[in-house]
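Please read them with the coordinates open.

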Amino acid sequence: MSLSVFDLFKVGIGPSSSHTVGPMRAAFLFVGHLRESGALPRVARVRCELFGSLGATGRGHGSVKAVVLGLTGEQPHLVDPAAVEPQVRSVRTDHRISLGGEHKIDFEVDADIVLHRRKRLEFHSNGMVFEAFDDDGDRLVRREYYSVGGGFVLDEDEAGRPALVEDGTRVAFPFRTGSELLAHTAGTGTRISDVVLANEAAWRPEAETRAQLLHIWEVMRECVDRGSRTGGVLPGGLQVRRRAQDLRASLEPGADPMEWVTLHALAVNEENAAGGRVVTAPTNGAAGIVPAVLHHAHRVLPSFDDDAAVRFLLTAGAVGVLFKENASISGAEVGCQGEVGSACSMAAAGLAELLGGTPEQVENAAEIGIEHNLGLTCDPIGGLVQIPCIERNAIAAIKAITAARMALRGDGEHHVSLDKAIKTMRETGADMKDKYKETARGGLALNIVEC
């Protein structure tokens, strides 16, 4: 196991983990590289080129703004969403940018950030090139970065290695497959969440792990609350009306629990589409599914407490690790099956454990969750994370609950393993045409006229 659950659950801003969070991190890393190499004081100009899916949908996904923010020293988990527009507007108006908040240079947003709609770099669809030049126009530094999904960023040195770079940490129960994870639970007689919690101890004390997971849960709750109390129209030009506020006003406390699940998913993804603060779970485009199902558990389970929230996230995180290790969570790489599909699988597993499922039933729930999202394309209209993304999260949250319930009605034995389903998702993504991988050049994006 090379990943922590906190690599899957990260606080950031919308609308996209791969197209907003990733580019912001890359720009921040580039400035850090300039600083560490001693080149920063000599920089007179910076240029950024976005390729592949980033270039095709960068404006709708907020990639341009993200690059500006990253160059100024902002980070996704720390930036104030309310300050984003004023900061970017100031750079546009002043035609100046302060690299890392310490070195001012001339900067023209639309000229110095270039979006290549039809070009891509070889390693990954979400490729970026950053260059820095001196007063004479001579290039000081050139660096490539890749946003590989869920906010993960690799630089050019890491791109030639496997998509996940080992950090060398030795964990108690290493696993790369679902079958290895189940073997650990069988050998110890414990739950999946217990295995993951033991592994997290390799990075930090258990009390700290629990505190950080409860912080993730708190950010999710805050996001749902903001999203369900905010009305109006989402930015971007499609004039998509926010619905969560009206839905909340119409629901009685005793309403069908599935109505509340829909509300919570819509609230999160409307916040994400508006550039608000969300938790990547495992991506921004699929950020509403895990919180909606966790809220469902909170609402319907009498025994729900802080420990239940922790166990849910640990179990969901374990499944997310399997997707990240063995396939992809990037819509630009495998389509929306990698985002909404993996999130549905994660949420189903988390709920199944809280409902008392055995590790085998939990694995079954995760498999059901992804199996019925296989082949899901990523075709956002106008390159915006709005249609069909927002409703898709609500539907997938309901699917996750159904998957958990179905799995608990069985004994854990089933014909298709989670490992085989993840392998199938990876192969399906490889076969999928590029126009269905977050380019806004296929499916609904092609057949619905933007207005």
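1. Basis. This is a predicted model, in which local features need pLDDT of at least 70, side-chain atom pairs count only at pLDDT 80 or more, and totals for chains, interfaces and linings use all residues. Residues are numbered from 1 along each chain as its sequence is written, and side-chain values use heavy atoms, with hydrogens and water left out.

2. Domains. The chain is assigned domain 1 (16–155) and domain 2 (178–436). Such bounds come from an automatic or database domain assignment. Taken over C-alpha atoms, the two domain centres are 30 Å apart. Across the boundary, 20 residues of domain 1 contact 18 residues of domain 2 (contact means heavy atoms within 4.5 Å). About 1,300 Å² is buried between domain 1 and domain 2. Carbon and sulfur atoms give 53% of that area. Buried area here is the accessible area (1.4 Å probe) that two parts lose on being put together, summed over both.

3. Aromatic pairs. How many aromatic pairs are there? The count is four. Rings of Phe, Tyr and Trp (its six-membered ring) pair if their centres lie within 6.5 Å; planes under 30 degrees apart are stacked, over 60 edge-to-face, and the rest tilted. One of the pairs is phenylalanine 130 with tyrosine 145: the centres are 5.8 Å apart and the planes at 80 degrees, so this pair is edge-to-face. Phenylalanine 130 is in strand E6 (residues 127–133) and tyrosine 145 in strand E7 (residues 139–149), so the pair ties together parts 15 residues apart in sequence. Helices (H or I, at least four residues) and strands (E, at least two) are DSSP runs, numbered from the N terminus. Phenylalanine 130 is buried at 0% relative accessibility, and tyrosine 145 is buried at 2%. Buried means under 20% relative accessible area, exposed over 50%, and partly exposed in between (1.4 Å probe, protein chains only).

4. A second pair. Tryptophan 217 and phenylalanine 304 also pair edge-to-face, at 6.1 Å centre to centre and 65 degrees between the planes. Tryptophan 217 lies in helix H10 (residues 206–227), and phenylalanine 304 in the loop between helix H13 (289–300) and helix H14 (306–326), so parts 87 residues apart in sequence are tied together. Tryptophan 217 is buried at 2%. Phenylalanine 304 is buried at 14%. Separately, Phe30, Phe130 and Tyr145 form one aromatic cluster.

5. Histidine 295. This residue is in helix H13 and is buried at 10% relative accessibility. Beyond its neighbours within four places in sequence, histidine 295 contacts Trp217, Met220, Arg221, Val224 and His264.

6. Charges over a ring. Look at phenylalanine 152. Lysine 10 lies over its face, 4.4 Å from the ring centre. The charged end of lysine 324 also sits over the phenylalanine 152 ring, 4.3 Å from its centre. The rule requires NZ of Lys or CZ of Arg within 6 Å of the ring centre and within 35 degrees of the ring normal.

7. Cysteines. Why does the model have zero disulfides? A disulfide is a pair of cysteine sulfur atoms within 2.5 Å. For cysteine 344, the closest cysteine sulfur is in cysteine 336, 11 Å away, too far for a bond. For cysteine 378, the closest is again in cysteine 336, at 5.5 Å, also too far. Cysteine 344 is buried at 0%, and cysteine 378 at 8%.

8. Serine 63. Serine 63 is in helix H4 (residues 63–71) and is buried at 0%. Leaving out residues up to four places away in sequence, serine 63 touches His19, Pro23, Leu50, Leu54 and Gly58. Valine 21 is 42 residues from serine 63 in sequence, and 8.3 Å away C-alpha to C-alpha.

9. Backbone checks. Most residues other than glycine have a negative phi, and most peptide bonds are trans. Please inspect these exceptions. The bond from alanine 281 to proline 282 is cis, with omega near 0 degrees; proline 282 is in the loop between strand E9 (277–280) and H13. The bond from isoleucine 387 to proline 388 is cis, with omega near 5 degrees. Histidine 95, not a glycine, has a positive phi of about 55 degrees and is partly exposed at 37%. Glutamate 438, also not a glycine, has a positive phi of about 60 degrees and is buried at 4%.
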